[in-house]
Amino acid sequence: MSGPEPRKYNPENKTGYEYELLAEHLAGLIDSGEWAPGRRMPGERALADEYGVALDTVRKATRILRDRGLVQTLKSKGTFVSNPAHPD
C-alpha cells in the first residue's frame, strides 16, 4: 500500500520523546492559527497515519495538549481546539 509520505514534525531534529515533539508541533499549528479555536482535530488514527507514528504516540501528544488547555476532548465527539482564555 503506497500512500502519501508522512509529514515531518521535527524539522530541527530536536531531541526528546517522540510524543513530546509531536505535541510541540501540534501546539505550533494551534499557536499559528492554522488550527483555529473550535476546530475539530483530525482523529487519532488519521494523525498517526499522517505523521507516521504509533497511535499511542498521538494519544500521549493529545494528552499533553489537553493538560496545557490547548484542546478539549468530548467523548464520542472528538478533540477540539480550545478557545483562548479571555481576561476578565
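**Figure 1. Contacts and elements along the whole chain.** Among contacts in the chain (heavy atoms within 4.5 Å) between residues at least 6 apart in sequence, 54% join residues at least 24 apart. The model shown is predicted, so local features are given only at pLDDT of at least 70 and side-chain atom pairs only at pLDDT 80 or more, while totals for chains, interfaces and linings use all residues. Residues are numbered from 1 along each chain as its sequence is written, and side-chain values rest on heavy atoms, with hydrogens and water left out. Three helices and two strands make up the elements of the chain, and from the N terminus on they run α-α-α-β-β; helices (H or I, at least four residues) and strands (E, at least two) are DSSP runs, numbered from the N terminus. Of the 88 residues in the chain, 30% are buried, where buried means under 20% relative accessible area, exposed over 50%, and partly exposed in between, with a 1.4 Å probe and protein chains only.

**Figure 2. The largest nonpolar core.** This core has 17 residues, of which Leu 22, Leu 26, Trp 35, Met 41, Leu 47, Tyr 51 and Val 58 touch the most other members. The elements that give two or more residues to the core are α1 (18–31), α2 (44–51) and α3 (55–67), and α1 gives the most, with six residues. A nonpolar core is here a set of buried Ala, Val, Leu, Ile, Met, Phe, Trp, Tyr and Cys residues joined through side-chain atoms within 4.5 Å.

**Figure 3. The packing of α1 against α3.** The two helices α1 and α3 pack at an angle of about 55 degrees, with their axes 8 Å apart; axes are lines fitted to C-alpha atoms, for helices over the stretch in contact, and angles run from 0 to 180 degrees between N-to-C directions. That makes α1 oblique to α3, because angles under 35 degrees count as roughly parallel, over 145 as roughly antiparallel, 65 to 115 as roughly perpendicular and the rest as oblique. From α1, Glu 18, Tyr 19, Glu 20, Leu 22, Ala 23, Leu 26 and Ala 27 meet Thr 57, Val 58, Lys 60, Ala 61, Ile 64 and Leu 65 in α3.

**Figure 4. The packing of α2 against α3.** The axes of α2 and α3 come within 8 Å and cross at roughly 115 degrees, which makes α2 roughly perpendicular to α3. On the α2 side, Glu 44, Arg 45, Leu 47 and Ala 48 meet Leu 55, Val 58 and Arg 59 in α3.

**Figure 5. The surroundings of Thr 62.** Thr 62 lies in helix α3 and is buried, with a relative accessible area of 3%. Not counting residues up to four places away in sequence, Thr 62 touches Met 41, Val 71, Thr 73 and Thr 79.

**Figure 6. Ser 76 in the loop between the strands.** Ser 76 is placed in the loop between β1 (71–74) and β2, and is exposed, with a relative accessible area of 80%. Although Ser 76 is not a glycine, it has a positive phi of about 65 degrees. Most residues other than glycine have a negative phi.

**Figure 7. Pro 84 and Pro 37.** Pro 84 is found in the segment after β2 (78–81) and is partly exposed, with a relative accessible area of 49%. Pro 84 and Pro 37 are 47 residues apart in sequence, and their C-alpha atoms are 7.4 Å apart in space.
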